[in-house]
Amino acid sequence: MNPGKRAFTIKGSKIMVSGGLISQGCRVDVLVSYPVPNAKNDAPVNKIILENIPIRTTGTERETKIGKDGREELANTDFYT
C-alpha cells in the first residue's frame, strides 16, 4: 500500500458480497443503507460512500455465535480489507 493510504476491514458474508465472487484484486463500490425518519414508506435510502475501491485481502474466521437453541456454536465470518 502507498504511504498516506489507509485500509479498513469490513465484516460480512458471502451473500452480502455477491455470493463469494469478490476476491483479492477486485474493485468494489461501498454502499450504506439507512432508514429515513418519518418517511411515508419503509424503503431505506442507499448511498454510495466509496467508489472503485480495491480489495486488498479476504479471509474467513471462526466466530462464536448464539444458535437458535440459545447455545454457543462456531460459525464462519468473512472479512474484506
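This is a predicted model: local features need pLDDT of at least 70, side-chain atom pairs count only at pLDDT 80 or more; totals for chains, interfaces and linings use all residues.

Modeller: Let's start with the surface: the chain has an accessible surface of about 6,800 Å², and carbon and sulfur atoms hold 51% of that. Areas like this come from the Shrake-Rupley method with a 1.4 Å probe, and for residues only the protein chains shown count as cover.
Colleague: How many helices and strands does the chain have?
Modeller: There are 0 helices and 5 strands, so the pattern along the sequence reads β-β-β-β-β (helices are DSSP runs of H or I with at least four residues, strands runs of E with at least two, numbered from the N terminus).
Colleague: And which strands make up the open sheet?
Modeller: Its 3 strands come in the order β1-β5-β4, with antiparallel pairing. Two strands pair if DSSP finds at least two bridges between them.
Colleague: Which ones stand at the edges?
Modeller: β1 (10-12) and β4 (58-66) do; each has a single partner strand, so one side of each is left without a neighbour in the sheet. On average, neighbouring strands of this sheet are turned by 40 degrees against each other, direction ignored. The axes behind that are lines fitted to C-alpha atoms, for helices over the stretch in contact, and angles run from 0 to 180 degrees between N-to-C directions.
Colleague: How many bridges join β4 to β5?
Modeller: 9 bridges, with β5 covering residues 72-80 and running antiparallel to β4. G59 stands opposite F79 in β5.
Colleague: New topic: which residues form a salt bridge?
Modeller: D69 and R71, with their closest N and O atoms 3.8 Å apart. The rule asks for a side-chain nitrogen of Lys or Arg within 4 Å of a carboxyl oxygen of Asp or Glu, and the count comes to 1.
Colleague: Are D69 and R71 buried or exposed?
Modeller: Both are exposed (over 50% relative accessible area; buried is under 20%, partly exposed in between, with a 1.4 Å probe and protein chains only). Of the chain's 81 residues, 15% count as buried.
Colleague: Why does I49 count as exposed?
Modeller: Because its relative accessibility is 51%. I49 lies in strand β3 (residues 45-54).

Notes:
Residues are numbered from 1 along each chain as its sequence is written. Side-chain values use heavy atoms; hydrogens and water are left out.
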